[in-house]
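Subject: Structure handover and findings

Hello,

Here is the structure I promised to pass on. Please open it alongside this email and read the notes below with it in view.

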Amino acid sequence: QKLTVGLNKKGGRGRYGHKTVGRQGGGHKQKYRIVDFRRIGLQSGAESREKVLAIEYDPCRTARLALVAGSRRKYILAPDGIKVGDVITATRIKPEKLALQAGNAYRLRDIPLGQAVHNVELRVGKGGQAVRSAGSFAVVQQKSDGGTGVVLKLPSGQLKTVKGDCVATLGRLSNVEHRNR
C-alpha cells in the first residue's frame, strides 16, 4: 500500500481557472503522507504492537510523523519523546497492564486521570479528530461512573465530554517548538 500521494496545487484558482483567492500559488512540490488516525480497527479486539522505524517531517502538517511497522507499514502522529526502535501498542480492549508510554493508544476509560493525550476520537471508531497540532495535548480531567463519559480539557481550555470507548494516544505531540517560529 502506498504511503504517499501527489498533491495538486490550486494556486488560488477556481474551477474555471479564474483567480478566486489572491496571493496564492508557487511553493515547493509536496507529497501528502497518508496518516492512520484510527490506529486500531473497531472490530479488532487484539492488541496491536508496532515498532517505530523513522521520525519524518511532513510538509502538510505541523507535527512530525512516525513511520511504524506492525502487520503493515503506516504513518502515525509522532508524540514528543518517541525514538526510533520504540515499540508502541494500541488496543480497544482493557489491557492487562497499562503501559503509560508516549505513543500507546487506549480507550479513554482506561487512561488514568491527569494523563496528557492527543489524537482524540470524538466518535467511536471514526479516528482521531481533535488535538492533532504540533505540541498540543488534552488532559483527562474526570470520568463518570462506569467510564461511559470522560471529560477532557482541550488545549483551548474548553472542557469536552467524550464517550469512554473513544481511543486517544498517550503523550504530547512532537515539534513542541513550532509555536516559537
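Are Asp58 and Arg61 buried or exposed? Both are buried. Buried means under 20% relative accessible area, exposed means over 50%, and partly exposed is in between (1.4 Å probe, protein chains only). Asp58 and Arg61 also form a salt bridge, with their closest N and O atoms 2.7 Å apart. A salt bridge here is a side-chain nitrogen of Lys or Arg within 4 Å of a carboxyl oxygen of Asp or Glu.

Some ground rules before the rest. This is a predicted model, where local features need pLDDT of at least 70, side-chain atom pairs count only at pLDDT 80 or more, and totals for chains, interfaces and linings use all residues. Residues are numbered from 1 along each chain as its sequence is written, and side-chain values use heavy atoms, with hydrogens and water left out.

Overall picture

The protein has 0 helices and 14 strands. Both are DSSP runs, numbered from the N terminus: helices are H or I with at least four residues, strands are E with at least two. The C-alpha trace spans about 55 × 35 × 35 Å along its principal axes. There are 181 residues, and 41% of them count as buried. The exposed surface comes to about 10600 Å², with carbon and sulfur atoms supplying 48%. Those areas come from the Shrake-Rupley method with a 1.4 Å probe; for residues, only the protein chains shown count as cover.

Contact means heavy atoms within 4.5 Å. Among contacts with a separation of 6 or more, 58% are between residues 24 or more positions apart.

Charges

The protein carries 35 positive and 13 negative side chains. Lys and Arg count as positive, Asp and Glu as negative; His and the chain ends are not counted. The centres of the two sets lie 11 Å apart. Each charge is placed at NZ of Lys, CZ of Arg, CG of Asp or CD of Glu.

The salt bridge count is 9. Asp36, Arg39, Glu50 and Lys74 are linked in a network of them.

Asp165 is worth a look. Its side chain meets that of Arg107 in a salt bridge at 3.6 Å, N to O. Asp165 lies in the loop between β13 (159-163) and β14 (167-170), and Arg107 in strand β7 (residues 105-107), so the pair ties together parts that are 58 residues apart in sequence. Asp165 also meets Arg109 in a salt bridge, at 3.2 Å, N to O. Here too the pair links distant parts of the chain, since Arg109 is in the loop between β7 and β8 (116-118), 56 residues from Asp165.

Arg109 is partly exposed at 28%. Arg107 counts as buried, at 13%.

Strand pairing

Two strands pair if DSSP finds at least two bridges between them. Strand β4 (residues 65-69) and β5 run antiparallel, joined by 5 bridges. They form a hairpin with 3 residues between them. Leu65 has Leu77 in β5 as its bridge partner. Strand β5 (residues 73-77) is mostly covered, with 4 of its 5 residues buried.

Strand β14 pairs with β7 in the antiparallel sense over 3 bridges. Ala105 stands opposite Thr169 there. β14 also pairs with β8, again antiparallel, over 2 bridges. In that pairing, Val117 has Leu170 as its partner.

Val120 sits in strand β9 (residues 120-121). Its relative accessibility is 1%, so Val120 counts as buried. Leaving aside neighbours within four places in sequence, Val120 is in contact with several residues, including Leu108, Gln129, Leu152 and Ala168. Val167 is another of its contacts. Val120 and Val167 are 47 residues apart in sequence but 6.2 Å apart in space, C-alpha to C-alpha.

Gly45 is in the loop between β2 (31-33) and β3 (48-56). At 33% relative accessibility, Gly45 counts as partly exposed. Not counting residues up to four places away in sequence, Gly45 touches Thr91 and Ile93. Its C-alpha is 17 Å from that of Glu121, which is 76 residues away along the chain.

Best wishes
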